[in-house]
Amino acid sequence: MFSIKRGDSKIPLKAQLSRSESGPVDLTDCAVRFIMADAAYRVVIDAPAEILDAANGIVWYVFSEEATSVAGAYKAEFEVTFPDGRKETFPDNGFIPLTINIDLG
């Protein structure tokens with residue numbers, strides 16, 4: 001589970017995209033999007049993610065202060081568009097649980 005405080009923008013959500021049968025996904029020449037939805041499955045973020053290590057499938061999404069402005073429980077995933085236009089979503093089973101906690105300031 002990924003947890004962040006409301007209004008924070010320093011800590012990115014980092015993930016290694018992989019398939020259980022073949023390991024890390026090669027993201028060379030791919031585009032990756034980060035998608036986050038609230039408890040009612042309303043999408044609140046749909047934005048490009050950054051590929052940190054294409055050969056090893058490592059990506060991250062850096063939150064803006066606006067993106068973390070509403071505390072609550074969320075679900076997230078990464079959607080990859082391959083060079084041939086095909087798409088695949090990670091994780092392929094369930095979601096990345098994400099919590100934005102309230103802060104005192």
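## Ground rules

Because the model is predicted, local features need pLDDT of at least 70 and side-chain atom pairs count only at pLDDT 80 or more, while totals for chains, interfaces and linings use all residues. Residues are numbered from 1 along each chain as its sequence is written, and side-chain values use heavy atoms, with hydrogens and water left out.

## The overall picture

Let's start with the whole chain. The protein chain has 11 strands and zero helices; here strands are DSSP runs of E with at least two residues, helices are runs of H or I with at least four, and both are numbered from the N terminus. The C-alpha atoms fill a box of roughly 45 × 25 × 20 Å along the principal axes.

Of the 105 residues, 34% are buried, meaning under 20% relative accessible area with a 1.4 Å probe and protein chains only (exposed is over 50%, partly exposed in between). Contact means heavy atoms within 4.5 Å. Among contacts between residues at least 6 apart in sequence, 65% join residues at least 24 apart.

## Strand β9 and its partners

Strand β9 covers residues 72-81 and pairs with β5 (residues 31-37) in the antiparallel sense over seven bridges; two strands pair if DSSP finds at least two bridges between them. In this pairing, R33 stands opposite E79.

Strand β9 also runs antiparallel to β11 (residues 96-101), joined by five bridges, with Y74 opposite L98. Four bridges link β9 to β10 (residues 87-90), again antiparallel, and V80 has E88 as its bridge partner there. The hairpin of β9 and β10 has five residues between the strands, and G85 in this hairpin takes a positive phi near 95 degrees.

## Two buried residues to look at

E77 sits in strand β9. This glutamate is buried yet has no salt bridge, and R33, the nearest side chain of opposite charge, is 10 Å away. A salt bridge needs a side-chain nitrogen of Lys or Arg within 4 Å of a carboxyl oxygen of Asp or Glu; for charge, Lys and Arg count as positive and Asp and Glu as negative, with His and the chain ends not counted. Leaving out residues up to four places away in sequence, E77 touches R33, F34, I35, T89, F90, P91, F95 and I96.

T99 belongs to strand β11. T99 counts as buried because its relative accessibility is 18%. Beyond its neighbours within four places in sequence, T99 is in contact with M1, F2, S3, I4 and G72.
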